[in-house]
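This briefing sets out selected features of the structure shown below.

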Amino acid sequence: MFDIERWQEIFDTIRKNKLRTFLTGLSVASGIFILVILLGFGQGMQNGIDKEFSSDASNMIGVWTQVTTKEYKGLNPGRVIQLRDENYDFLEERHAGELEYKSPMYRVFNTSILYKNESGSYSIWGSSPDFQQLENAFMSQGRFLNFNDERQKAKVVVISNKIHRELLGSMENPIGEYLEISGLSFQIIGVYGDVGGDREEEKIYMPVSTAQGVFNGADRLNNMFFTLKPAATFEESLAESERFTEEMTTYLKQAHMVAPDDLSAINTFNTLENVQRFHNLSSGIRIFFWFVGICTIIAGIVGVSNVMLIIVKERTKEIGIRKALGAKPISVIGLILHEAIFVTAVFGFGGLIFSMGLLELLGPMVEVDYVVNPSIDFNVALITVFLLIFAGALAGFFPAYRAARIQPIIALRDE
Amino acid sequence: MIEIKNLHKSYKMGSNSLHVLKGIDFSVAEGELVAIMGSSGSGKSTLLNILGMLDTADSGDYVLDGVPIENLNETKAAQYRNKFLGFIFQSFNLINYKSAMENVALPLYYQKVNRKERQEKALNYLERVGLKQWATHLPSELSGGQKQRVAIARAMAAEPKVLLADEPTGALDSKTSYEVMDLIQKINDDGNTILVVTHEEDIAEMCKRIVHLKDGVIVEDKKVEQVRASAYV
């Protein structure tokens, strides 16, 4: 392979044909460049979607109820279905091993909240201590609810940064202050923030037991939320959560005498399914990017083989001379292939280095929704370049083979 | 040196077949300087191409330096050409992006001679054709006569058994032609076997033997008194 004379031959031809070499190389380099950029953005979208869904616990399963629409066991349709503590307790106990976070929810909307002379209207969310994780809320001051609060039905609340601003704006530290809700005093134990922004900061948390007691909720619940312990892969997690949802629905339908085929009485949502949809979308986009990238590469390869054909045509006479002087067909093929491989390799790696450099440099600066830090797996890029070199060799081989087969007398006659 | 028996060659021209060589019997001994003459279409270039293994015969025997030339594939033909034959063409056929020296050294590359030795030999042969000081020039910087002399040096460099010249003076004026013939005669004086295809009488007279071809057969084969080209230079 390392044959000084042949390398010199190749550098000679390249020097004599700068433009031609440059154009061939450009088609190769731009093919690689476009592929890398496309794949980089595909990865960027994946990253962006992952980030977008990291704000809420992304495998949350929730349930809420409406009225029945089907007659069942003599019961008329139109019955209101009400979730109760016992439902939650049953599920919590039955699935204790697989649940990660869980919370019942008793909600009261538009409750008037007083602090000294200030008042405002907010929602009260009675929930369990786990709800902080479910909502992905972070604590700005103080602490979230704990199990002691729940057991003692403590009159404590966690307010949001927004409420802190609106009601207790003058207070640097509102912890320990008392709010008046429904004529009762509640102590502020913490201030939370939500990455979702102001829209997610319209609610006041208190223990579910307290909320049920204060607002005559008895054992009624509006919702139940669960997350499952993550499985090894996304697909497994999805299957797990679908199975859990199924089991939960079946149980609730039995417990509340709902027809198994009544689709509206018991409603569930599963954020993982949304994530799945986005994953599908982004992998669809990635497949499209791959497709476009590969087409670009093919265009590059066609360009290379085209140029190789022209090179061989142009050098027919020279090949004839070489053969008359004793060049064997294999040496003619070697000469032409060597040049093709050399040019594709140099420009292929050039394009690779340039595009990866660009991604490395500009990638972290990209700030568009759903595109975060576009980057590419180096191995994938490397494989692509080798594929291109291989294709360049193949593209060069057939013209070279043809040239080597030409009878020297015909080649010599070529002008 | 060369032994040919009953050589036939025809070309397909669409539906017609053109019978170019119709049974040539011909032999050349070592050290001969033979002119092959004939009008265009007489088959003289075809004969030379077959002798040079640039083309293949349809039938007939060809023995070169005791080696029967048959069942040639491209690789074998390339080996034989490299070992036995040197070519001089009417249109010189130098590689235009290589210097005179690189052109002369090229057959040695295919003989796997190492680089340094190649250059020495090439310079040596360029000196013999009087072009040593032009060694680094490209063919485009040389005159027609100089190009042909580079081509002759290249043909000599491989130290072949036989030199085949196809109209070596065809593209040159008469003064340069005589210079080139003078060179060919000197090479022949050193004992090299040379075949020259030409249609010019005066060039043929400078050889030692003239073979006349007409319509694919040899009509005349005579030894002649050689005219020395140096008399005209």
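This is a predicted model: local features need pLDDT of at least 70, side-chain atom pairs count only at pLDDT 80 or more; totals for chains, interfaces and linings use all residues.

Two strands count as paired if DSSP finds at least two bridges between them. By that criterion, β7 (residues 178-181) of chain A pairs with β8(A) in the antiparallel sense, over four bridges.

**Strands around β8 of chain A**

- In β8(A), the residue opposite Gly142(A) is Gly190(A).
- Strand β6 (residues 156-160) of chain A runs parallel to β8(A) and is joined to it by five bridges.
- Gly190(A) of β8(A) is also the bridge partner of Val158(A).

**Asn222 of chain A**

- Asn222(A) sits in the loop that links β10 (220-221) to β11 (223-228) of chain A.
- With 17 other C-beta atoms within 10 Å, Asn222(A) is partly exposed, because that class lies between the limit for exposed residues, 12 or fewer, and the limit for buried residues, 20 or more.
- Leaving aside residues up to four places away in sequence, Asn222(A) touches Trp64(A), Met105(A), Tyr106(A) and Arg107(A).
- Arg84(A) is 138 residues from Asn222(A) in sequence, yet their C-alpha atoms are 8.3 Å apart in space.

**Contact between the chains**

- The contact involves 18 residues of chain B and 17 residues of chain A.
- On the chain B side, α2 (74-84) and α3 (100-110) each contribute at least two residues.
- The greatest contribution to that side of chain B comes from α2(B), with six residues.
- By residue class, the side of chain B that touches chain A comprises nine nonpolar, five polar and four charged residues.

**A mixed sheet in chain B**

- An open sheet of chain B contains six strands in the order β6-β7-β8-β3-β9-β10, with mixed pairing.
- From one strand to the next, the twist averages 15°.
- Strand β3 (residues 33-37) and strand β9 (residues 209-214) of chain B run parallel and are joined by four bridges.
- Ala35(B) is placed opposite Ile210(B) in β9(B).
- Helix α1 (residues 44-51) of chain B packs on this sheet, where it touches β3, β7 (162-166), β8 (193-197) and β9 of chain B.
- The direction of α1(B) makes about 150° with that of β8(B).

**Packing of α5 and α6 in chain B**

- Helices α5 (residues 144-157) and α6 (residues 174-189) of chain B pack at an angle of about 15°, and their axes are 9 Å apart.
- α5(B) is therefore roughly parallel to α6(B), since angles under 35 degrees fall in that class.
- The crossing of α5(B) with α6(B) is right-handed.
- α5(B) contributes Gly144(B), Gly145(B), Gln148(B), Arg149(B), Ile152(B) and Met156(B) to the contact, while α6(B) contributes Thr176(B), Glu179(B), Val180(B), Leu183(B) and Ile187(B).
- The residues of this contact between α5(B) and α6(B) are five nonpolar, four polar and two charged.

How values were computed: Residues are numbered from 1 along each chain as its sequence is written. Chains are lettered from A and ligands numbered from 1 in the order in which they are written. Two residues are in contact if their C-beta atoms, placed from the backbone, lie within 7 Å. Ala, Val, Leu, Ile, Met, Phe, Trp, Tyr, Cys and Pro count as nonpolar, Asp, Glu, Lys and Arg as charged, and the others, Gly among them, as polar. Axes are lines fitted to C-alpha atoms, for helices over the stretch in contact, and angles run from 0 to 180 degrees between N-to-C directions. Angles under 35 degrees count as roughly parallel, over 145 as roughly antiparallel, 65 to 115 as roughly perpendicular and the rest as oblique. A crossing is left-handed if the near helix is turned anticlockwise from the far one by less than a right angle, and right-handed if clockwise.
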